[in-house]
Amino acid sequence: MSAAVDVAPLLLPYRDRGSSNEIQSLVPSVPSNGPGASTPSQRLASLDVFRGLTVALMILVDDAGGAFPSINHSPWFGITLADFVMPFFLFLVGVSISLAFKKISNKTTATKKVMLRAINLFLLGLLLQGGYFHGRNHLTYGVDVGKIRWLGVLQRISIGYLLASISEIWLVNNIMVDSLADLARKYYTQWLFAIGLCSLYMCFLYGLSVPTWEYEAPSMNLSGFASGTQIVYCGVRGSLEPPCNAVGFIDRVILGEHHLYQHPVYRRTKECSVKSPDYGPLPPNSPQWCLAPFDPEGILSSLMAAVTCFVGLHFGHILLHFKDPKQRVLLWSMSAVPLLLFGYVLVILGIPSCKPLYTVSYACITAGVSGLILSIIFYIVDVKHFRKPTVLLQWMGMNALLIYALGACDLFSAGLQGFYWRSPENNLVDGTEALLQAMLHSKNWGTLAFVILEILFWGLVSGFLHMKSLYIRL
């Protein structure tokens, strides 16, 4: 196992990526007599910390979201804590790409490497989230290839990584950057491409007519909801509601309903759950679409999600071309705050924030928050050098792909559950959680304590691997 990590930049430390003739110095040095002086080989710990924070946040909301629905994904409109995880990942992809492709010796070779990495990441996501692994509390595995889920978290990341990397390789003008005007001239073609993606998304979202459609409801469901073929009446254009939006329509036509996510978040809406915002039995006279599949990482929404990578690219470009740390923080803030405000203005104007659709307002708000958090972490960790409190997150960020696969996708916990005493319920994972629940006299708070211990565990595992210079290579 090598210390080098060679996969899409989102989940990995960028310091070792690429060959020496492609990347001479991934983090630009500052003058030795200036504030925050560094050597060319020094990397930004803040990116690792932010990456580790994102993975830890994913574990928290995935494993404790059932106990605390307020931090779980919003049932449809609105933004909760869980809804920031995917944009954080995509934003970090963009930042890392800008650093990885600072020096490109051969554009064709770089393009081939990007395509190979994107394919590898897509296939890994297909393995982890396609349905083969059944997760915690299921001592089974395997998937019907006729019902495999084609899209997911890593698949979306691979799409954003591919589009942003290709633009970084081919759409950057050869201009020396000495001012903000130079920065705009160097990368304006890239931003036109990003605006084109956004425009394409908006045209389909609001311009595509969604016809009436049908699906096969599960044979076993709650509240006596009729099984068999269910008809969802639409015949509308520009709807952002769960049953009749263009995002779901495109996925059903191209991918097919059996290849979509079968437990969408809108099952937690008031129309579909008596325990909303949590999952629960269907209320009386619930609409026909409540049990229909919908993929939150769909084709059309992934195009808009890729724009978040381009925002990350912009922040990475500032990091590359402006040496003074305070100037970086200032420029980042000047970019993040208008994005955040513009997103809320769009909400006021009638474009709601919706993570499953990845609406423009949602993209702007989450990208703006991403930029502000990077600015804060960078100032604390890399400017003021307060690193001890964040060392666990830094370690997790260095081995984020491993933690995502084993921790966030429940491979490790499901494997531990395979070792039990007489009955599958008597295993170390469930026993530890039950013990904490008993000690705290609360099922919910016991679950939260268990998840916090889980995060600490992965932080220590990452620290051990870091000390051994062991990192994942894909």
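Student: What covers the buried residues of helix 8?

Tutor: The cover includes helix 5, helix 7 and helix 9 (360-383), where contact means heavy atoms within 4.5 Å and buried means under 20% relative accessible area with a 1.4 Å probe, counting protein chains only. Bear in mind that this is a predicted model, in which local features need pLDDT of at least 70 and side-chain atom pairs count only at pLDDT 80 or more, while totals for chains, interfaces and linings use all residues. Residues are numbered from 1 along each chain as its sequence is written, and side-chain values use heavy atoms, with hydrogens and water left out.

Student: Which residues of helix 8 are buried?

Tutor: They are P325, R328, V329, L331, W332, S335, A336, L340, G343 and L346. Helix 8 itself takes in residues 325-348, helices being DSSP runs of H or I with at least four residues, numbered from the N terminus.

Student: How far does helix 8 reach, and what follows it?

Tutor: From first C-alpha to last, its 24 residues reach 35 Å, close to the 34 Å expected, the expected span being 1.5 Å times one less than the number of residues. After helix 8 comes G350, which has a positive phi near 110 degrees.

Student: What volume does the second largest pocket have?

Tutor: Its volume is about 600 Å³. A pocket here is an open set of points on a 1 Å grid over the protein atoms alone, where a 1.4 Å probe fits, with protein on both sides within 12 Å along at least five of seven lines; the volume is the space filled by probe spheres set on the points.

Student: Which residues lie nearest its centre?

Tutor: Of the 19 residues that line the second largest pocket, K102, K103, K186, Y187 and H321 lie nearest its centre. Helix 4 (153-170), helix 5 (180-207) and helix 7 (299-321) each supply at least two residues of that lining.

Student: How many lining residues are charged?

Tutor: Seven are charged, alongside nine nonpolar and three polar, with Asp, Glu, Lys and Arg counted as charged.

Notes:
1 Å grid on protein atoms, 1.4 Å probe; cavity = no way out; pocket = protein on both sides within 12 Å on 5 of 7 lines; lining within 4 Å. Buried < 20%, exposed > 50% of the residue type's maximum accessible area, 1.4 Å probe, protein only.
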